[in-house]
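Please look over the sequence and the structure before reading on.

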Amino acid sequence: MGAHFYRSRLGQFVLMSIIAEQNVTTNVASDFEDFEVLGCNSSDPFAVIVHGWKESCQTEWLVDMIGNLSNVRRGCIYCMNYNNFSRHDDYFGLVRQFLPISEVLVTKLHQLEKFGYDFDDGYMFGFSYGAHLALDSLRRFGPGKLAALDVCEPAGPGFDGEQQYREKDPKEAAKNVQCIHTSDNYGTHERKCHQNWNLGRCGKSQDAAGPYPKGSHGLCPYMYNSAFKHDFLAMPNKQRCDTKRLAPAWPKGFRMGYFMDRKSDVIGDLFAATSREYPYFDNTFANEVNEV
């Protein structure tokens, strides 16, 4: 059973959707919190997805991710849909509204906690602007409460140059925060997560990049989705990419994505090669393993 949290333009945002095993979507108001009526069970794991600018919960990669998560997780999947704001061309106008939008997600996290969810069974994914929403809301909700947060390409413009965002520690958002980087034009230049995966050309560009929405920045969630079926394995820093905290070692088979071994002691900058075509992975050098 599932739900899509809706709020009118006058109410400021569209908020969330839940889609569970039965692949049903239901629309409800953003302040709705009787999740059991929707078929959600507080004893199940839960997941939250937060899209980026000009996207919604119907964006291609997000629909694919819901399918991927549904195949490997029980329970409801919630998608924060703030498309009433994000659909507009004024990106920096969206940045100016960041804190009130983030506050809506903080409120929803408190509602999920009140419902009885175990946040040690919780997972969140955010892309671009949505990555910052995920990081900020989880820090404010309670540092380290959530088990796992994966973010793709936290947006650089509007955030990297602002001290109030730059000085925040992303590792406080969850027990493990995995960041995946694919561009240096729209993605952040910061590398402060528990694991910072630099894909393709030092995390700065991708050979598979094409027109919007699948430029180097936009490819990130597609590569993350591909990693549900294909291994993007850690490899040595063959390109001699700039790094301030290179992961000194990793176990054989250590891979980017949802199935990364979060219980490992691997911390720092990691590298994985990518290809020009889907499914995007290139494990040419993956047999050269730095064992922990």
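The sections below take pockets, then cavities, then aromatic rings.

## Basis

The model is predicted. Features are therefore read with the confidence limits in mind: local ones need pLDDT of at least 70, and side-chain atom pairs count only at pLDDT 80 or more.

## Pockets

The largest pocket has a volume of about 460 Å³. Its lining takes in 23 residues. Nearest the centre of this pocket lie Trp 53, Tyr 186, Tyr 212, His 217 and Gly 218. By class, the lining of the largest pocket splits into 11 nonpolar, nine polar and three charged residues.

The second largest pocket holds about 390 Å³ of space. A total of 17 residues line it. His 189, Glu 190, Arg 191, Asp 242 and Thr 243 are the ones nearest its centre. Which classes make up this lining? The second largest pocket has nine charged residues, six polar and two nonpolar.

## Cavities

How many cavities of 30 Å³ or more does a search of the whole structure find? There are two. The largest cavity has a volume of about 240 Å³, and 18 residues line it. His 132, Leu 135, Tyr 165, Pro 170 and Glu 190 lie nearest its centre. Helix 5, helix 6 (163-166) and strand 8 (174-181) each give two or more residues to this lining. Helix 5 supplies the largest share, with four residues. The lining of the largest cavity counts eight nonpolar, seven charged and three polar residues. Glu 190 is among the residues nearest the centre of the largest cavity, and it is also among those nearest the centre of the second largest pocket.

The second largest cavity has a volume of about 50 Å³. Its lining includes the run Met 235, Pro 236, Asn 237, Lys 238 and Gln 239. Gly 200, Cys 241, Phe 271, Ala 272 and Ala 273 also line this cavity. Six of these lining residues are nonpolar, three are polar and one is charged.

## Aromatic pairs

The whole structure contains 27 aromatic pairs. One of them joins Trp 61 and Phe 125. The geometry is edge-to-face, with 5.6 Å centre to centre and 65° between the planes. Trp 61 belongs to helix 1 (residues 60-72) and Phe 125 to strand 6 (residues 122-127), so the pair ties together parts 64 residues apart in sequence.

Tyr 91 and Tyr 129 form another edge-to-face pair.

## Cluster and charges over rings

Tyr 91 and Tyr 129 belong to one aromatic cluster, together with Trp 53, Tyr 82, Phe 92, Phe 98, Phe 159 and Tyr 165. Trp 53 is among the residues nearest the centre of the largest pocket. Tyr 165 is among those nearest the centre of the largest cavity.

Charged side chains also meet rings. Lys 145 lies over the face of Phe 141, 4.4 Å from the ring centre. The charged end of Arg 262 sits over the ring of Tyr 258, at 5.9 Å from its centre.

Terms used: Residues are numbered from 1 along each chain as its sequence is written. Side-chain values use heavy atoms; hydrogens and water are left out. On a 1 Å grid over the protein atoms alone, a cavity is a set of points where a 1.4 Å probe fits but cannot get out, and a pocket is an open set with protein on both sides within 12 Å along at least five of seven lines; lining residues have an atom within 4 Å of a point. Grid points are joined across faces, edges and corners, and a volume is the space filled by probe spheres set on the points. Ala, Val, Leu, Ile, Met, Phe, Trp, Tyr, Cys and Pro count as nonpolar, Asp, Glu, Lys and Arg as charged, and the others, Gly among them, as polar. Rings of Phe, Tyr and Trp (its six-membered ring) pair if their centres lie within 6.5 Å; planes under 30 degrees apart count as stacked, over 60 as edge-to-face and the rest as tilted. A charge sits over a ring if NZ of Lys or CZ of Arg is within 6 Å of the ring centre and within 35 degrees of the ring normal.
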